[in-house]
Amino acid sequence: MEPLQLHAAAVTDVGRVRSHNEDAFLSRDPWFLVADGMGGHEAGEVASAAVVAAFEAAPRERVTPAVVAQTLARAQASVLALATGRPRSAGTTVTGVVLLQTPDVPHWLIFNVGDSRVYRWLDGSLEQLTVDHSLVQELVDQGRMSRAEARHSSHRNVITRALGAGDHAPDYFVVPVITGERLVLCSDGLTTEVEDDEIARIAATEADAQGCADSLLTAALEGGGRDNVTVLVVDVVAGGSALEADEDTLESRPAPDAGPRVVDVVATDEIDEDTSQPVGIP
Ligand code: MN
């Protein structure tokens, strides 16, 4: 089999409103991840940086799901330790992909805590591979809110899981690596400003990973840049599975919850640091 060949590029930007960039990323084969810190007064920056540091210290060979779980547990402990001696607790999202050590074809293990996202652009269509841990996602799942309403809801920044919070349980998804696919990892600073259709158009138009990341950032800034923006693009140039073999790549996705459940709001990612109080279900 042809050796796996990836092209990756990342950009991060403070945006047009905020004074600090609390986002962070790691783009170092086989780990690719984005973290969106929150807490204000620099706590968010420290939290997202602590998560990146935990993954920088992780093994880069023979990565297994257990290694990913251990690293996330270490990241959680690091973020919790930051709270000592600080007036406000820190938290951060994290989402990412890692190449798994598998005997057959290469696979991605996708992990997610919070509302940063992993998209896959493949064969002309864009698909969100992660599921947001957010209040509005819960309401969409319960049929109480449409996706369009969720985009414009004043509660769209309220997340229900975060590293540093009580509920920090990660979601995991395993999918084959497919030659020709383009993964887009991003913080919500992209997705609050740029609709999925536009992300898809840019992913389809830009020839290389750096151009794609740059254009997505530009679109977010032109959309308002109200939050920090981080975009990490991974192109699978060679060595993955062929597209045809792969109609059921999302079978490993967890089943949606049956029926409504209580939403535990753990953190908010508000623009105004002084108003970031947890918000109840409307
Ligand atoms: Mn954000």
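**View 1. Trp 31 and its partner in strand β5.** In this predicted model, Trp 31 has Val 98 of β5 as its bridge partner. The two strands concerned, β3 and β5, run antiparallel and are joined by four bridges. Strands of a sheet pair through backbone hydrogen bonds, either parallel or antiparallel.

**View 2. Strand β5 and the hairpin to β6.** On its way to β6, β5 passes through a hairpin of six residues. Seven bridges hold the pairing of β5 with β6, which is antiparallel. One of the paired positions is Leu 100, whose bridge partner in β6 is His 107.

**View 3. The two faces of β5.** In a regular strand the side chains alternate between the two faces of the sheet. On one side of β5 lie Val 94, Gly 96, Val 98 and Leu 100, and on the other lie Thr 95, Val 97 and Leu 99; all of these are buried, and both faces are covered. Because seven of the seven residues of β5 are buried, the strand is largely enclosed by the rest of the structure.

**View 4. Helix α2 and what it packs against.** Helix α2 covers residues 65–82, which makes 18 residues. From the first C-alpha to the last, α2 reaches 26 Å, close to the 26 Å expected at 1.5 Å a residue. Its buried residues are Val 67, Val 68, Thr 71, Leu 72, Ala 75, Gln 76, Val 79 and Leu 82. The elements that these buried residues pack against include the strands β3 (31–38), β5 (94–100) and β6 (107–113), as well as helix α1 (43–56).

**View 5. The contact between helices α1 and α2.** Two packed helices are described by the angle between their axes and the distance between the axes. For α1 and α2 the angle is about 150° and the axes are 9 Å apart. Angles over 145 degrees count as roughly antiparallel, so α1 is roughly antiparallel to α2. The crossing of the two helices is right-handed. On the α1 side, the contact is made by Val 46, Ala 47, Ala 50, Val 51, Ala 54 and Phe 55. On the α2 side, it is made by Thr 71, Leu 72, Ala 75, Ser 78, Val 79 and Leu 82.

**View 6. An open sheet of five strands.** The strands stand in the order β1-β12-β11-β7-β8, and their pairing is antiparallel. β1 (5–13) and β8 (125–128) are at the edges with a single partner strand each, so one side of each has no neighbour in the sheet. On average, neighbouring strands are turned by 20° against each other, direction ignored.

**View 7. Strands β7 and β8, with two helices on the sheet.** Strand β7 (residues 117–122) runs antiparallel to β8, and four bridges join them. Within this pair, Arg 120 stands opposite Glu 127 of β8. Helix α6 (residues 196–205) packs on the sheet and touches β7, β8 and β11 (182–186); its direction makes about 50° with that of β7. Helix α7 (residues 209–222) also packs on the sheet, where it touches β1, β11 and β12 (229–238). The direction of α7 makes about 25° with that of β1.

**View 8. Asp 123 in the loop between β7 and β8.** Asp 123 is placed in the loop between these two strands. Its relative accessible area is 60%; exposed means over 50%, so Asp 123 is exposed. Gly 180 is 57 residues from Asp 123 in sequence, while their C-alpha atoms are 7.9 Å apart in space.

Conventions. Residues are numbered from 1 along each chain as its sequence is written. This is a predicted model: local features need pLDDT of at least 70, side-chain atom pairs count only at pLDDT 80 or more; totals for chains, interfaces and linings use all residues. Side-chain values use heavy atoms; hydrogens and water are left out. The expected span of a helix is 1.5 Å times one less than its number of residues. Buried means under 20% relative accessible area, exposed over 50%, partly exposed in between (1.4 Å probe, protein chains only). Contact means heavy atoms within 4.5 Å. Two strands pair if DSSP finds at least two bridges between them. Axes are lines fitted to C-alpha atoms, for helices over the stretch in contact, and angles run from 0 to 180 degrees between N-to-C directions. Angles under 35 degrees count as roughly parallel, over 145 as roughly antiparallel, 65 to 115 as roughly perpendicular and the rest as oblique. A crossing is left-handed if the near helix is turned anticlockwise from the far one by less than a right angle, and right-handed if clockwise.
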